[in-house]
Amino acid sequence: EWRTPAAILEKLIAYEAVHEIQGWGDLRRRLADDRRCFAFFHPALIDEPLIFVEVALTNEISSQIAPLIDSPPDDSQGGKPSTAIFYSISNCQAGLSGISFGNLLIKQVVDALSTELPSIRHFATLSPIPGFRAWLDRTLQNDPPAFMKEAEFKQLGEPGWAGDPIRRAKLKPLLTKLCALYLTSTNAKGRALDPVARFHLGNGASIERINWEGDLSERGLAQSGGLMVNYRYGPDDIVGNHEAYAGRGEIAISLKVRGKLP
């Protein structure tokens, strides 16, 4: 929280890996009453977080990152938010990169928030899709999907489409379909192609919704054409989803996402 020693708060600014913290004012907003930040520590590194997750307390599953981060504190909830949005998780120690702290941290945060705020019924992420554009470029070059029209193929082959709102809007139905295909595709080991998807699906989440223009930052457009995704953590479904994914490579998806598949 904001009263945490400055030596630790400085590390949050330095280690934030998903959505850069723009100084102390931005950090203070991320630690306001309608926000939470949880971290793991170790006695050998007293002032060094091992990993931390940032959470927004809302009344809906958020679809865009900029309003979520930049909006002023929301007093309309009356202290009873219905939804917890995990919008950033950052590993802090490069030497521990092979150790998976994230799954345990998220599960403990779900338990902690359920106890602190019984009004919360929905737990979801607002996540980037960092591998989408690279996959899309490879797919168009090597094995374009049969459902794509020649004109669509040409449009996606033109440079600069991601940064052009008009061209991007024309491609919306196609891009959301391709993104759904990407997120639900697996490799030879039965694991999701996208690294963030692998993390959340492996933890027992399901793919809830693909968000058009969820992240219009330079990084978001370069990685995913501006798209983001919500992964839902249903307390009653986590174990079943994890077992289906880990054992059989089955990815849990909502009807909304299923409807976008070709």
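## Helix α9 and its neighbours

Two residues are in contact when heavy atoms lie within 4.5 Å. In this predicted model, the buried residues of helix α9 (195-202) pack against several other elements: the helices α4, α8 (172-183) and α11 (238-248), and the strands β4 (122-125), β5 (206-211) and β6 (228-232).

The buried residues in α9 are V196, A197, H200 and L201. Seen down the helix axis, these buried residues fall within an arc of 120°, so they line one face of α9. An α-helix has 3.6 residues a turn, so residues three or four places apart point the same way.

## The ends of α9

At the N-terminal end, α9 is capped by D194. A side-chain oxygen of D194 lies 3.1 Å from the backbone nitrogen of V196. V196 is also one of the buried residues of the helix. Just after α9 comes G204, with a positive phi of about 100°.

## The largest pocket

The largest pocket holds about 830 Å³ of space. It is lined by 40 residues, and those closest to the pocket centre are A17, V18, H19, S88 and P128.

Helix α9 is among the elements that give two or more residues to this lining. The others are α2 (23-30), β2 (51-58), α3 (65-70), β3 (83-91), α4 (102-116) and α10 (218-224). The most comes from β3, which gives five residues. Sorted by class, the lining has 20 nonpolar, 12 polar and eight charged residues.

How values were computed: Residues numbered from 1 in each chain as written. Predicted model: local features only at pLDDT ≥ 70, side-chain atom pairs only at ≥ 80, totals over all residues. Heavy atoms only, no water. 1 Å grid on protein atoms, 1.4 Å probe; cavity = no way out; pocket = protein on both sides within 12 Å on 5 of 7 lines; lining within 4 Å. Points joined across faces, edges and corners; volume = space filled by probe spheres on them. Helix = DSSP H or I, 4+ residues; strand = E, 2+ residues; numbered from the N terminus. Nonpolar A, V, L, I, M, F, W, Y, C, P; charged D, E, K, R; others polar. Buried < 20%, exposed > 50% of the residue type's maximum accessible area, 1.4 Å probe, protein only. Arc of directions from axis to C-beta. Polar contact = N/O pair within 3.5 Å; in protein donor to acceptor, adjacent residues only side chain to side chain.
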